[in-house]
Amino acid sequence: MYLTNEKQKHRSLLGSYNTRKWNDASPLVYFEKIYGGKPLLKKIKSIGLETDINFHSAMIQENMAGHWIASGWSEINRLNVMSLDLRKYKFEKLNTSHIEDFNLNTIEKLLPLDHSIFDSYWRNSKAGFIETIESCNRNYLFKKYSDENLIGYAILGTTRNFSFLQRFGISKEHQNEGHGSSLLEDVISFAKNKKLVNIRLNTQSSNSAAKKLYLNKGFKLTNTDYIIFSSR
């Protein structure tokens, strides 16, 4: 009922919510509350205990955390929001990455690379990529090569004059070789050339290497954190 490949909507007297598999590498269930308060959150926690399912929430703004904690959910991951003001950014035009539109036809070819980059918890799924596409008006895929081998990628979503770095990574065997730095420079220069206002992104609060890279390129930490909660 809950471990479906695609997002499923559920309705009850307590509220409504979406669920799907977290990804293909994990038995967790993704839980996205549409509407409902503490009674719904307590009910989902109870369902998890009865059926031996561990629900993990969508990203929740930190100022909404009280309802989840009061309902018995636990913080499992924290994400910092970072932002780059492109109006103040000086850039040189770069052409070291292949850039194309990211759409439904691109997903299947990108999944193996995604899985070579991220640990099992953070790997994306087809459903996750579809949600990425739907979250912005247009999405650009940046591919990073070493010789002829595809070793990394980034997805930049745009809506009006704003952009969001949806995914970003270099395969583990090619990390610490400068590829991430040059890929990020390509994304920033592309966004600046498109006359976008800023780039925002989420990164794990515990990922000091990623935050150092973003800070070195001019990103700043905002006052916003997102939290992923577990029903266990």
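Predicted model: local features only at pLDDT ≥ 70, side-chain atom pairs only at ≥ 80, totals over all residues.
Figure 1. Residues are numbered from 1 along each chain as its sequence is written, and side-chain values use heavy atoms, with hydrogens and water left out.

The chain has six helices and 12 strands (DSSP runs numbered from the N terminus, with helices being H or I of at least four residues and strands E of at least two). Its radius of gyration is 19 Å, close to the 17 Å that the globule rule gives for 232 residues, so the chain is as compact as a globular protein of that length (the radius is taken over C-alpha atoms, and the rule is 2.2 Å times the number of residues to the power 0.38). Along its principal axes, the C-alpha trace spans about 55 × 35 × 30 Å.

Buried residues account for 49% of the 232 in the chain (buried is under 20% relative accessible area, exposed is over 50%, and partly exposed is in between, with a 1.4 Å probe and protein chains only). Of the contacts between residues at least 6 apart in sequence, 67% join residues at least 24 apart (a contact means heavy atoms within 4.5 Å). As for charge, there are 33 positive and 23 negative side chains, and the centres of the two sets lie 8 Å apart. Lys and Arg count as positive and Asp and Glu as negative, while His and the chain ends are not counted; each charge is placed at NZ of Lys, CZ of Arg, CG of Asp or CD of Glu.

Figure 2. Strand β10 covers residues 162-170, and glutamine 166 sits in it. With 19% relative accessibility, this glutamine counts as buried. Its side chain makes a polar contact with the side chain of serine 135 at 3.0 Å, and a polar atom of that glutamine side chain lies 3.2 Å from the backbone oxygen of threonine 132. A polar contact here is a pair of N or O atoms within 3.5 Å; within protein, one must be able to donate a hydrogen and the other to accept it, and residues adjacent in sequence count only if both atoms are side-chain atoms. Setting aside neighbours within four places in sequence, glutamine 166 has contacts that include Cys136, Asn139, Ile155 and Gly157. For scale, its C-alpha is 14 Å from that of leucine 183, 17 residues apart along the chain.

Figure 3. Asparagine 23 belongs to strand β2 (residues 15-23) and is buried, at 1% relative accessible area. A polar atom of its side chain lies 2.9 Å from the backbone nitrogen of serine 26, and one lies 3.4 Å from the backbone oxygen of tyrosine 121. Beyond four places in sequence, asparagine 23 touches Ser120, Tyr121, Arg123, Asn124 and Ser125.

Figure 4. Glycine 15 is buried, with a relative accessible area of 0%. Leaving out neighbours within four places in sequence, glycine 15 is in contact with His10, Tyr35, Gly36 and Leu40. Leucine 111 is elsewhere: 96 residues from glycine 15 in sequence and 33 Å in space, C-alpha to C-alpha.

Figure 5. Strand β7 is residues 98-101, with isoleucine 99 among them. Isoleucine 99 is partly exposed, at 35% relative accessible area. Not counting residues up to four places away, it touches Tyr140, Leu141, Phe142 and Phe190. Valine 187 is 88 residues away in sequence, but the C-alpha to C-alpha distance is 9.3 Å.

Figure 6. Most residues other than glycine have a negative phi.
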